[in-house]
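Open your viewer and get ready to click through a chain one selection at a time. At each stop, you will hear what to select and what is there.

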Amino acid sequence: MCYIGRLWSRGYMNGPLTSGLTFIPKWNWLAVFTMGNSSGHNNTLSIPPGKGPHRVGCTDLMVGHTVHGTFLRLYYPCQASENPQLPDWVPCREYFNGLADFMKMNRALSERIFNYLFGSCKIPAAWNASFKPDGKYPVIIFSHGLGAFRTLYSAICVELASQGFIVAAVEHRDESASATFYFREHAEPGTKKHPSCGIAKPVSDNLEEVWMYYRPLKPSEIEFPLRNKQVKQRADECIRALDILFDINSGKSVENVLQCDFDLSTMENSMDLCRIAIMGHSFGGATVIECLCKDVKLKCGVALDTWMFPLDEEIFPGVKQPIFFINSEKFQWIGNIIRMKKLDSAIFPRKMITIKGTVHQSFPDFTFLTGNWIGRLMKLKGEIDPHIALDLSNKATLAFLQRHLNMDRDFNQWNALIDGKDVNLIPGTNITIPQSSI
């Protein structure tokens, strides 16, 4: 849900169902960054590649240039190519600025530090690589957490694509992303502002970037109305992304606002649109539940360390698809788990596991890109090896998807993980729920 520079107040978590954020003095983190992660600027720390049989490509797709359009990173099985271009993990400096704002840090100084530590990090997927036709691939829509953006869960998305899924990672424009952008038309031709993102140039010379950054709570503002409004918008954005994939699959012409060498028409009739899942982390986990209530085309949901606070409980009876909650050991608290349990059903499958030794940030890519000392100090790493943790999460996810999307694959070899049967897993939750609460 939150990123570098914010820690969760564990005592507060047992109280009101709010986000419970506390701030660490920014000067302290700047020093910690430079001293505690000195290996981060070289190639010793990297995002793990996919383990499946498919090579993975990725591209960006923006449909509609205004703030009401749709923006996503698309991951897909691709054809092999020599010397593929790997995209930057953080696409451009504005995203560093957004992270700095989210953390309440000085932009100029933090940009230099972030660029030093993460500027050379690449996503292990071939940029704009040719799509690999191979029957019909099931589809996953992915929703990021609070303060994140479309590229920060690339390890999960790349793994799923390598296993034969088409994954659309939406970048939300509800002011919950640390940064995102859209375009507006010029009043005067010839005054075009050149885009800062080299991979995000618009096809029209009459468009200029408009950046949207994370909106913090205002003084004395009640949090629930804002978060509830945001989760509804997020769900609408995910469903619009799915509608665009339907158009691509049917052969309709879909105009990408961004200059792009990837040919969307090669994906015609390539998606198994009877097998669609929704997945997300934290605020994205809440988005999973909101989406399932709104669109029956989504056949199941995987909710990673979900933050339940933004959801209106009145929607819970309308969620009739299977849900898999995969939680970290250190993030959850009684009130949050109780709200998850309110989705329990005697009819519709509900599963929950907890990964031992994990923290809330064991799911985004930061966990792979920070050294052990700084990673643990800043709660970006848990006690467990992050590769083992995410491998368990991915395998359990794949087994769950095979079961509930009725896929003919071999992911059922990991069925035991769905029930928490592993030395590093806890069936259900590690949180003790008072009987009176149940």
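## Stop one: strands side by side

Select strand β3 (residues 55–63) and strand β5 (residues 126–127): these two run parallel and are joined by two bridges. To see one of the pairings, click glycine 57, whose bridge partner in β5 is alanine 126. Keep in mind that you are looking at a predicted model.

Follow the chain from β3 to β4 and you trace a hairpin with six residues between the two strands. In that turn, stop at glycine 64, which has a positive phi of about 90°.

Next, select helix α3 (residues 93–102) and helix α4 (residues 107–118). Their axes come within 9 Å and cross at roughly 120°. That angle makes α3 oblique to α4, and the crossing is right-handed.

Which residues make the contact? From α3, show Arg93, Phe96, Asn97, Leu99, Ala100 and Asp101. From α4, show Arg107, Ser110, Glu111, Phe114, Asn115 and Phe118. Colour them by class and you will find five nonpolar, three polar and four charged residues.

## Stop three: another helix pair

Move on to helix α5 (residues 154–162) and helix α11 (residues 386–405), which pack at an angle of about 45° with their axes 11 Å apart. These helices are therefore oblique to each other, and α5 passes α11 in a right-handed crossing.

For the contact, pick Ala155, Ile156, Glu159 and Leu160 on α5, then Leu390, Asn394, Thr397 and Leu398 on α11. By class, this contact has five nonpolar, two polar and one charged residues.

Select helix α6 (residues 223–250) and find aspartate 247 within it. Is this residue buried, exposed or partly exposed? Aspartate 247 has a relative accessible area of 27%, so it is partly exposed.

What does aspartate 247 touch, leaving aside its neighbours within four places in sequence? Show Lys252 and Val254, and you have its contacts. Then try the distance tool: from C-alpha to C-alpha, aspartate 247 and glutamate 268 are 8.7 Å apart in space, and they are 21 residues apart in sequence.

## Stop five: an enclosed helix

Select helix α8 (residues 334–341), where six of the eight residues are buried, so the rest of the structure largely encloses this helix. The buried ones are Gly335, Asn336, Ile337, Ile338, Arg339 and Met340.

## Last stop: zoom out

Finally, show the whole chain, with its twelve helices and 14 strands. Of its 438 residues, 61% are buried. Among contacts between residues at least 6 apart in sequence, 75% join residues at least 24 apart.

Conventions. Residues are numbered from 1 along each chain as its sequence is written. This is a predicted model: local features need pLDDT of at least 70, side-chain atom pairs count only at pLDDT 80 or more; totals for chains, interfaces and linings use all residues. Side-chain values use heavy atoms; hydrogens and water are left out. Axes are lines fitted to C-alpha atoms, for helices over the stretch in contact, and angles run from 0 to 180 degrees between N-to-C directions. Helices (H or I, at least four residues) and strands (E, at least two) are DSSP runs, numbered from the N terminus. Angles under 35 degrees count as roughly parallel, over 145 as roughly antiparallel, 65 to 115 as roughly perpendicular and the rest as oblique. A crossing is left-handed if the near helix is turned anticlockwise from the far one by less than a right angle, and right-handed if clockwise. Contact means heavy atoms within 4.5 Å. Ala, Val, Leu, Ile, Met, Phe, Trp, Tyr, Cys and Pro count as nonpolar, Asp, Glu, Lys and Arg as charged, and the others, Gly among them, as polar. Buried means under 20% relative accessible area, exposed over 50%, partly exposed in between (1.4 Å probe, protein chains only). Two strands pair if DSSP finds at least two bridges between them.
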